[in-house]
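Today I opened the notebook to look up charged side-chain pairs. Here is what I wrote down as I went.

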Amino acid sequence: MASNLDTLVTVFGGSGFLGRSVVRALAKRDYRIRVAVRRPELAGHLQPLGKVGQIHAVQANLRYPASIEAAMRDSHAAINLVGILAESGAQTFEAVQGLGAGAVAKAAAAVGARMVHVSAIGADENSPSRYGRSKAAGEKAVLSAVPEATIMRPSVVFGPEDQFTNRFASLARISPVLPLIGGGLTKLQPVYVGDVATAVADAVDGKTRAGSTYELGGPEVLTMREIIEIILATIERQRMLAPVPFGIAKLQALFLQFAPGALKLTPDQVALLRIDNVVSDAAKAAGLTLEGLGIASDSLEAIVPQYLWRFRKTGQFQHKGA
């Protein structure tokens with residue numbers, strides 16, 4: 001039987017939040033890993049995740065097909081993790097999440113490599129947000145080039161370096177009031193980054209159904225209000241939660257889209273919050289979920305105390321039962 005050391009996996013976007021966990025999961029399974037990123041000189045933090053020589057970073061930009069083709073040379077599998085939450089200059093939703101995803105799939109098809117594409121729950125050509133529509137366009141382009149590709153659609157992903165729980169914890173540290181867009185009634189199914197990475201690695205292992213779309217959610221469906229309440233309880237801060245109608249939030253976002261850090265909010269993100277972000281009944285019935293892969297997912301409440309403790313006033317972390 002061939003060892004995974006004989007299998008080269010190219011991970012596009014491997015230095016990002018989800019990418020680090022995916023690279024770690026692949027390294028533990030002894031794959032050779034090529035990390036394709038725009039700035040390989042900034043990917044040195046990935047080296048300790050594997051053995052000497054197991055992880056190698058190369059330059060690639062999804063807007064330039066030639067760089068993708070070079071990164072895919074001699075690869076046996078491709079994983080596309082590249083995505084953006086807000087547009088900036090040439091990094092548009094269409095260029096990155098639509099055309100870029102298709103370019104990776106075409107390069108994978110050219111060398112006969114397996115393909116795993118990470119999209120998002122909410123990918124829909126009729127979505128009110130351009131983010132959601134571009135995710136759907138990316139999925140369509142991937143399956144057109146590699147019909148047997150595995151598509152992974154996670155709900156909102158949380159973990160130590162996320163831009164979700166850390167963002168609200170940051171806001172709570174500087175503001176006495178936290179906004180609840182649409183009243184905070186939007187339902188989400190937060191999924192731990194490590195569980196998503198395990199699912200992606202399972203797909204590389206060949207444990208997923210070819211040409212299928214998996215929806216990945218955590219063990220609980222929570223409203224945005226409930227999520228923020230969990231974060232506030234974790235960091236031991238009391239803040240006023242102020243409902244903001246979608247219309248007003250959209251107007252505010254016209255200005256906040258230019259704000260820095262945790263204050264940034266775009267009109268497209270407001271539009272995305274109009275739709276619940278949870279695993280569908282169809283995916284559950286078909287077994288196209290974390291549970292269907294035999295992965296027991298971790299809850300938000302179980303994981304966030306491990307890293308949000310630093311936002312507490314005392315700045316001290318106590319283990320449960322301490």
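**Salt bridges, entry by entry**

I started with Lys207, which counts as exposed at 54% relative accessibility. Keep in mind, friend, that I am reading a predicted model.

Next I looked for a partner: Lys207 forms a salt bridge with Asp205, and their closest N and O atoms are 4.0 Å apart. I then checked Asp205, which is partly exposed at 29% relative accessibility.

I moved on to Arg39. Its salt bridge is with Glu41, and here the closest N and O atoms are 2.3 Å apart. I looked up accessibility for both residues: Arg39 has a relative accessible area of 47% and is partly exposed, while Glu41, at 52%, counts as exposed. The cut-off explains the two labels, because exposed means over 50%.

Which residue does Glu161 meet in a salt bridge? I found Arg20, with an N to O distance of 3.7 Å. I placed both on the chain: Arg20 is in helix H1 (residues 17-28), and Glu161 is in the loop between strand S7 (157-158) and helix H5 (165-174), so this pair ties together parts 141 residues apart in sequence. Glu161 itself is partly exposed, at 45% relative accessibility.

Last, I asked how many salt bridges the whole structure holds. The search came back with 11. As a reminder to myself, side chains of opposite charge can pair when their charged atoms come close.

Methods: Residues are numbered from 1 along each chain as its sequence is written. This is a predicted model: local features need pLDDT of at least 70, side-chain atom pairs count only at pLDDT 80 or more; totals for chains, interfaces and linings use all residues. Side-chain values use heavy atoms; hydrogens and water are left out. A salt bridge is a side-chain nitrogen of Lys or Arg within 4 Å of a carboxyl oxygen of Asp or Glu. Helices (H or I, at least four residues) and strands (E, at least two) are DSSP runs, numbered from the N terminus. Buried means under 20% relative accessible area, exposed over 50%, partly exposed in between (1.4 Å probe, protein chains only).
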